[in-house]
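Please examine the sequence and the three-dimensional structure shown below.

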Amino acid sequence: INAEYGHQVDGWVHEVVREIQDDTILFVFGDHGMTTSGDHGGETADEVTSSLFIYSGSKLGAMSEAETSVFDPTRVFQTDLVPTLTMLLGVPIPYSSLGSVIPFLFLDSDTKSRVELQEVVQTNMNQVFRYIEAYSTISAEFSASEIADIKSQVTNLNAQIKSQPNDDKYSLALIKDMILVIRRIRDLCSKHWAQFNLLVMALSIFVMILLSLSLTISSALSIEWWVIAPFVPLVIISYDSFSVWAGTSHFITVLFTFATASATFYSPVRLKLVSTCNEIASIVKSVYEKGVNNLLNSINLSELSGIIIILFMSVGFTTNSYILVEDYVTIFFFGTLILVNFLLKKPASIISEQTLFSVCACAASRLSATFYGCREEQFWCTKTWWLGGEVSTRVENCRYVCSVGVFLTLMYGLYRYQRAQGALTGGALSFIHGRVHVVQCALVIIYWALSTSQVKVLSEDALCWLPRSVYLSTMFAVCAAVYSPTTIYLQSAGSGSPPRLYGAMSCYSAATLTIYTSLLPACALLLRHAAAPTLALLTVQLLCTARLTEGCSVHTKVMICHVIAVQYFYATGHQAAVQQFDWNAAFVGFTSHPTHVIPVLMIILRTLMSFVLVGLFLPTIVLHSAGPTAPSQEVDLGNPDNTAQLQYYINRDLLTTTLHSLTHSATALALLKCLLACTACFIHRRHLMIWNIFTPRMIIEMCFATCTSAVLVFVVMLIERTDRLLRGELAKIAKQQK
């Protein structure tokens with residue numbers, strides 16, 4: 001096949017050669033080579049070398065024997081193509097080019113071409129040196145002595161050329177020395193920029209494995225230990241001194257982890273190791289005695305399916321094909337998890353309800369692809385009606401009306417949901433939903449209308465105050481929800497009757513859901529009206545997941561939520577490539593910034609929006625319970641049965657265990673994916689797409705892990721605060737009743 005294709009290309013080149021004029025030069029070259037099996041992207045000689053064909057009707061490369069020994073015509077570097085082509089075209093060499101011109105292409109049979117070649121090489125040398133000198137002023141990668149030595153060479157060569165007599169402006173020795181200077185600068189940059197410290201990289205990955213093991217054996221530790229000690233490690237694959245720093249810091253982290261566990265929690269860790277060994281022994285015994293069928297019946301299939309999918313997502317980082325289609329694959333993964341959970345539901349009375357929620361969740365998941373962005377490598381991707389660039393006024397008006405309708409429905413739906421849960425009986429949360437959110441919605445709709453209108457009603461500065469007001473109201477709502485997160489309201493029912501309890505169904509998750517709702521207007525502004533409906537799809541998917549995963553383990557819920565978060569990273573218009581980030585989000589509501597703090601926070605929220613929102617929604621899913629408590633259920637506080645989230649008040653250990661499982665699962669999951677992403681970069685460090693696909697995906701995964709950890713710390717601290725306030729209020733009420 002390759003031979004046939006090669007003959008076809010030869011025919012095309014032959015046709016072009018017959019048509020070009022004498023003043024035209026033809027370059028035919030490839031960006032990489034290929035092995036005999038058709039693979040490329042590695043570091044073998046067949047893969048890093050490529051052919052170069054140059055043709056011109058005029059005579060080129062007329063060299064003497066001495067010139068042939070200096071200008072090797074059989075081998076050139078790819079970096080040499082840029083300066084060569086630009087000088088042949090008579091345009092300036094790009095500022096950051098580090099290549100050298102291909103000398104023999106500038107030679108003819110006369111002396112004039114050699115004088116011009118010397119001028120070209122001198123221009124090339126000065127350009128490369130200017131770049132490296134300017135770079136050294138903002139970076140300490142190159143030593144001052146190296147730059148000074150190169151500067152001395154360049155100055156000396158320029159002086160020699162200037163002192164040449166007018167009748168002898170060509171010196172092969174000077175040209176050779178100038179080319180050597182250019183090569184020296186290129187090799188110096190290659191030494192610092194394109195070399196990997198394999199030992200430190202391997203050590204860092206090994207340390208991450210140790211940390212993963214420490215997380216695995218420490219599931220018996222307390223929730224406080226999880227919040228304080230093992231924060232997710234950051235960048236592993238790096239260079240030189242930074243790589244040493246990374247490896248050292250992670251090694252210290254692991255030592256600190258084991259020291260903390262050994263000094264403070266030695267007994268639980270030891271018991272956990274013993275129990276792990278016992279579990280392995282029991283599994284082996286079960287396989288031996290009962291057979292495979294009985295073993296499969298004892299396995300939690302929903303957890304197992306989640307683990308398999310997370311492993312698929314993690315191992316997929318080792319192939320660029322998976323990274324390019326991860327956005328669409330996550331839809332399949334989510335549907336698979338929902339289907340498995342649906343099939344495991346046994347009571348026939350809830351089949352119709354489960355079917356409805358499953359269909360709604362899968363439909364929302366599939367519709368989210370409408371808002372996917374396209375990256376350069378996805379040649380099959382086209383933007384949909386929602387995200388199309390230049391559209392008519394009619395289409396723009398239709399998008400605006402649809403977005404406003406969906407956004408208002410979303411906010412009102414969450415208000416009704418919270419009200420049905422009994423979380424809006426009074427207090428700060430009721431005020432936020434009834435007042436603050438109304439103002440936010442009005443400001444968002446007005447801003448969308450004015451910013452897209454062709455008639456400028458307000459000046460640019462005046463218009464900026466609308467989104468700024470939304471941001472300020474969001475901060476106020478978050479602070480109010482943190483200050484007063486409780487929803488419990490107790491009303492006396494008369495003598496001899498138990499009191500009526502309100503707000504028990506979501507007493508622990510109402511505050512985080514209120515903060516989730518308060519962030520939606522700000523997120524809608526950053527997404528702009530065309531992409532804002534994706535927030536409604538995310539919310540529908542999360543609400544359906546909360547109902548569908550009733551009775552599932554915390555681990556299963558965390559894994560499903562992680563798949564949703566990854567999916568909506570893409571459904572908010574992103575791709576795992578830096579150039580796909582929405583940097584303009586920093587200027588929604590601002591024309592300029594006095595500091596970098598505000599734009600950085602806005603870009604972080606815009607980029608990691610899905611993980612922030614899913615993290616805030618996690619308590620609603622993890623703590624969700626279909627207990628008999630209604631918003632006005634009569635409850636005997638002395639001896640209540642399962643009363644939805646009030647069970648966590650009754651059983652404090654249950655709350656601690658649940659939060660511990662939440663943080664343990666989320667941290668272990670994030671660490672596993674970070675480890676596999678780093679390993680993929682280690683494996684493909686010489687791959688053609690290392691900087692375009694593998695490294696950006698690794699950095700994105702690190703950001704996911706960091707964001708998840710930060711949001712979980714906030715959520716756990718808020719739930720702990722809610723628990724303290726709730727116990728204080730109910731204790732005070734009980735004391736008054738006595």
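Is Thr539 buried or exposed? The model is predicted, and in it Thr539 lies within helix H19, which covers residues 533-548. The relative accessible area of Thr539 is 2%. Buried means under 20% relative accessible area, and Thr539 is therefore buried. Leaving aside residues up to four places away in sequence, Thr539 touches Leu410, Leu414, Tyr516 and Leu520.

Attention may now turn to a pair of helices. Helix H16 spans residues 428-452 and helix H17 spans residues 460-483; their axes come within 9 Å and cross at roughly 165°. Angles over 145 degrees count as roughly antiparallel, and H16 and H17 are therefore roughly antiparallel to each other. Their crossing is left-handed. On the side of H16, the residues that make the contact include Phe431, Ile432, Val436, Gln440, Leu443 and Tyr447. On the side of H17, Leu463, Leu466, Pro467, Val470, Thr474 and Phe476 are among them. By class, the contact of H16 with H17 comprises 18 nonpolar and 5 polar residues, with no charged residues.

An α-helix has 3.6 residues a turn, so residues three or four places apart point the same way.

H17 also takes part in the packing around another helix, H21. Within H21, which runs over residues 597-607, the buried residues are Pro599, Met602, Ile603, Leu605, Arg606 and Thr607. The buried residues of H21 pack against H17, helix H18 (510-531), helix H20 (554-571) and helix H22 (609-622).

Conventions
Residues are numbered from 1 along each chain as its sequence is written. This is a predicted model: local features need pLDDT of at least 70, side-chain atom pairs count only at pLDDT 80 or more; totals for chains, interfaces and linings use all residues. Side-chain values use heavy atoms; hydrogens and water are left out. Axes are lines fitted to C-alpha atoms, for helices over the stretch in contact, and angles run from 0 to 180 degrees between N-to-C directions. Helices (H or I, at least four residues) and strands (E, at least two) are DSSP runs, numbered from the N terminus. Angles under 35 degrees count as roughly parallel, over 145 as roughly antiparallel, 65 to 115 as roughly perpendicular and the rest as oblique. A crossing is left-handed if the near helix is turned anticlockwise from the far one by less than a right angle, and right-handed if clockwise. Contact means heavy atoms within 4.5 Å. Ala, Val, Leu, Ile, Met, Phe, Trp, Tyr, Cys and Pro count as nonpolar, Asp, Glu, Lys and Arg as charged, and the others, Gly among them, as polar. Buried means under 20% relative accessible area, exposed over 50%, partly exposed in between (1.4 Å probe, protein chains only).
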